[in-house]
Amino acid sequence: MISTELTTQYALRNTFSLSCPLCRGHVIAEENRARCLLCGTIYPRTNDIWRFLPSARQEFFAPFLQEYRATRANEKWESMDGEYYRALPIVPHDDPHRAIWKIRAKHFARLLQMLGDAKNLRVLDIGAGNGWLSNQLAAREHSVAAVDLNDDRRDGLGARVNYANAFECYQAEFDCLPFSDAQFDFVIFNASLHYASSLTSSLAESQRVLAPRGSIIILDSPFYTRPAVKNFLTLQLLRDAAHELNLEMLLAFADDVWHKLARRKIIELKIGREPAHFPIIRLFQPPTSNI
Ligand SMILES: C[S@@+](CC[C@H](N)C(=O)[O-])C[C@H]1O[C@@H](n2cnc3c(N)ncnc32)[C@H](O)[C@@H]1O
């Protein structure tokens with residue numbers, strides 16, 4: 001049992017304009033169901049999660065989810081304590097992943113700097129997991145949509161029961177988002193882009209829902225300089241995908257200062273393969289010239 005659950009008033013209903021993953025018709029959300037005006041498909045909302053993963057796609061992702069959940073439970077990325085979720089990215093001293101969360105907290109602070117002082121930004125948290133980032137951004141008065149395949153109670157969207165801040169949860173996939181075009185100021189892949197099976201498809205879908213001056217931000221995904229690791233990402237692969245989509249790419253935080261490079265070299269000698277680095281990257285549409 002999760003020890004402290006909060007009663008939440010989810011006040012964001014109808015904040016985001018929805019679109020049918022099957023036919024791209026306009027979708028109208030009612031209390032506990034949404035309906036496509038074009039093909040008539042009904043998408044239910046259960047346990048405060050909008051279910052936008054068609055059954056064929058649920059079947060497709062089932063083996064991945066089964067393996068992913070087992071690995072994450074084994075590695076203890078979860079807690080029975082609601083306070084654990086509310087405090088993320090800060091974790092207790094005895095957390096098995098304290099070293100990683102310390103780095104993640106630093107990157108989260110950098111992300112907040114990038115978002116700036118504006119209030120009520122429309123943010124899409126893609127691959128949101130237990131929703132800790134959505135919760136933190138909702139606490140800062142932004143309108144947040146969290147998307148994930150995983151509705152698990154501890155490590156997926158089901159963990160939303162632990163949060164008092166209002167954000168909307170959507171069970172959906174990177175490459176077929178249930179949103180109409182051009183509405184998010186920021187689309188954030190927080191420790192999730194390395195799960196994309198096609199960088200170009202996932203980024204193209206994010207670009208579709210991005211407001212004209214919006215940005216895609218990528219953080220806490222492992223990058224390598226040599227493409228030798230499973231689920232690898234390299235800056236060159238990302239540059240190629242960005243180029244294909246006509247997106248500008250900015251290394252907002254390069255993670256390549258000399259002492260880190262030196263330390264990575266030492267680790268490489270120890271573990272016999274290149275350790276990852278974790279840059280923060282911004283992708284955005286090139287400003288259009290009026291001339
Ligand atoms: C390592 S977790 C990161 C979770 C969270 N963003 C965080 O910062 O802790 C990666 C998440 O991406 C989700 N994911 C992987 N592939 C996905 C896909 N194709 N569509 C939607 N979510 C996906 C997984 O279910 C998982 O919750």
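Begin by selecting Leu124, Phe179 and Leu203, the residues with the most contacts inside the largest nonpolar core, which has 40 residues. Such a core is a set of buried Ala, Val, Leu, Ile, Met, Phe, Trp, Tyr and Cys residues joined through side-chain atoms within 4.5 Å; buried means under 20% relative accessible area, exposed over 50%, and partly exposed in between, with a 1.4 Å probe and protein chains only. Next, colour helix H6 (residues 235-244), which gives the most to this core, with four residues. Helices (H or I, at least four residues) and strands (E, at least two) are DSSP runs, numbered from the N terminus.

The model is predicted: local features need pLDDT of at least 70 and side-chain atom pairs count only at pLDDT 80 or more, whereas totals for chains, interfaces and linings use all residues. Residues are numbered from 1 along each chain as its sequence is written, and side-chain values use heavy atoms, with hydrogens and water left out.

Now centre on Leu124. Leaving aside residues up to four places away in sequence, Leu124 touches Ala145, Val147, Leu177, Phe179, Phe184, Phe186, Val187, Ile188 and Val209, where contact means heavy atoms within 4.5 Å. A second, separate core of 30 residues can then be picked out through members including Leu121, Ala146, Leu157 and Leu219.

Proceed to the ligand. It is surrounded by 19 residues, of which Arg104, Gly127, Asp148, Phe174 and Asn190 are the closest; a residue belongs here if one of its heavy atoms lies within 4 Å of the ligand. Helix H1 (residues 55-74) supplies the largest share of this shell, four residues.

- From a polar side-chain atom of Arg104 to an oxygen atom of the ligand: 2.6 Å.
- From a side-chain N or O atom of Trp132 to an oxygen atom of the ligand: 3.1 Å.
- From a backbone N or O atom of Asn190 to a nitrogen atom of the ligand: 2.7 Å.

On its own the ligand has 600 Å² of accessible area, and the protein covers 95% of that, by the Shrake-Rupley method with a 1.4 Å probe.

Select Gln136 next, in helix H4 (residues 132-139). Gln136 counts as buried because its relative accessibility is 12%. Its contacts, beyond residues up to four places away in sequence, are Arg86, Ala87, Leu88, Pro89 and Phe108. Gln136 and Pro89 are 47 residues apart in sequence, yet 9.1 Å apart from C-alpha to C-alpha.

The last stop is Ser79, in the loop between H1 and helix H2 (82-87). Ser79 is buried, at 16% relative accessibility. A polar atom of its side chain lies 2.9 Å from the backbone nitrogen of Asp81.

Key: Polar contact = N/O pair within 3.5 Å; in protein donor to acceptor, adjacent residues only side chain to side chain.
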